[in-house]
Protein chains: 2
Amino acid sequence: MGYSIGQVAKKTGLSVHTLRYYEKEGLLPFIRKTSSGLRVFSDDDINWLGMIECLKATGMPLKGIKQYIDWYHQGDSTLSQRLAMFRQQEQNIKTKMQELNTNLAKIQYKIRLYDAAVKQGSLSQVQQEPEFRAARLRLFGH
Amino acid sequence: MGYSIGQVAKKTGLSVHTLRYYEKEGLLPFIRKTSSGLRVFSDDDINWLGMIECLKATGMPLKGIKQYIDWYHQGDSTLSQRLAMFRQQEQNIKTKMQELNTNLAKIQYKIRLYDAAVKQGSLSQVQQEPEFRAARLRLFGH
DNA sequence: CTAAAACCTAGAGTATACTCTAAGTCAAGG
DNA sequence: CCTTGACTTAGAGTATACTCTAGGTTTTAG
């Protein structure tokens with residue numbers, strides 16, 4: 001039920017430096033310490049690190065994550081702020097996914113283009129082919 | 001057919017500072033300059049900025065983008081490197097999209113949870129409900 | 001012709017998120 | 001008991017990508 005910082009680093013893939021940094025930034029205000037000063041992580045703390053990872057991976061800066069954790073600590077009076085934050089984050093993710101989709105199509109055009117170019121040994125000729133010109137116009141607007 | 005740096009900044013949404021920074025970093029080795037030193041951007045240059053934006057938005061660092069531009073300048077001898085780069089980038093995008101999907105499900109769980117919590121005025125009770133416990137176990141593993 | 005706006009370079013400063021170092025303390029195995 | 005490895009803090013250093021400043025030049029509109 002209690003993990004050292006090194007064990008948590010192995011479990012999560014974060015470095016011990018990063019874990020201490022997160023605590024210093026206020027992202028881990030839960031962590032207990034032994035009388036001699038060693039951090040003791042609980043399973044709950046590791047779950048929190050999972051939530052931090054989720055928010056980080058979806059583009060939230062550490063300050064935003066800290067805000068959430070602070071709200072959490074303030075109890076039920078901040079429920080609506082936290083709900084609003086998650087709604088905003090949902091929107092951010094959806095926007096980012098659409099952007100990735102659009103850009104994936106562009107990259108896949110480039111793959112088709114370069115695949116043909118590698119086969120022919122030349123890019124400039126392939127680019128002139130009607131099929132590629134049409135796709136380029138549709139995807140890049142030129 | 002020729003744009004000033006300020007016009008390009010408006011067109012692209014990038015700042016003039018950023019455009020000069022990109023040139024300094026080797027991302028815009030095409031840009032012509034007038035005899036008095038002013039940058040003159042062509043439509044082609046603006047298309048390049050579009051490609052830079054695409055790569056940047058899909059997580060490629062400026063160094064990687066510069067590598068691509070350098071390869072482009074070296075001509076058809078680097079076609080296969082460029083193809084490999086785009087294939088790698090396609091994979092990066094797909095991985096990122098899967099990650100976003102997984103994390104979107106977690107955020108949407110939180111929205112449902114907090115929506116119910118706001119209605120009841122308490123988080124701790126809602127968290128105990130079987131429906132939410134089951135979803136939490138499925139999505140977060142605890 | 002002049003004043004204001006836009007441009008130039010070189011270099012310093014900022015924000016974010018780590019990442020590492022130094023100097024020391026603590027804990028577990030032989 | 002003692003060594004080795006893991007831990008501690010405080011603070012410095014790094015990487016990335018801007019962002020801004022100072023001091024000066026060029027362009028453009030009246």
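Buried area is the accessible area (1.4 Å probe) that two parts lose on being put together, summed over both. This is a predicted model, in which local features need pLDDT of at least 70 and side-chain atom pairs count only at pLDDT 80 or more, while totals for chains, interfaces and linings use all residues. Residues are numbered from 1 along each chain as its sequence is written, chains are lettered from A and ligands numbered from 1 in the order in which they are written, and side-chain values use heavy atoms, with hydrogens and water left out.

**View 1. Interface of chain A and chain B.** The two chains bury about 3700 Å² between them, 74% of it on carbon and sulfur atoms. On the chain A side, Leu100(A), Ile107(A) and Tyr114(A) lose the most area to chain B, together 17% of what that side buries.

**View 2. Salt bridge between Asp115(A) and Arg87(B).** The closest N and O atoms of this pair are 2.9 Å apart. Two salt bridges (a side-chain nitrogen of Lys or Arg within 4 Å of a carboxyl oxygen of Asp or Glu) are found across the interface of chain A and chain B.

**View 3. Phosphate oxygens of DNA strand D.** A polar side-chain atom of Lys33(A) lies 2.6 Å from a phosphate oxygen of DNA strand D. Gly6(A) instead places a backbone N or O atom 2.8 Å from a phosphate oxygen of DNA strand D.

Note on methods: A polar contact is a pair of N or O atoms within 3.5 Å; within protein, one must be able to donate a hydrogen and the other to accept it, and residues adjacent in sequence count only if both atoms are side-chain atoms.
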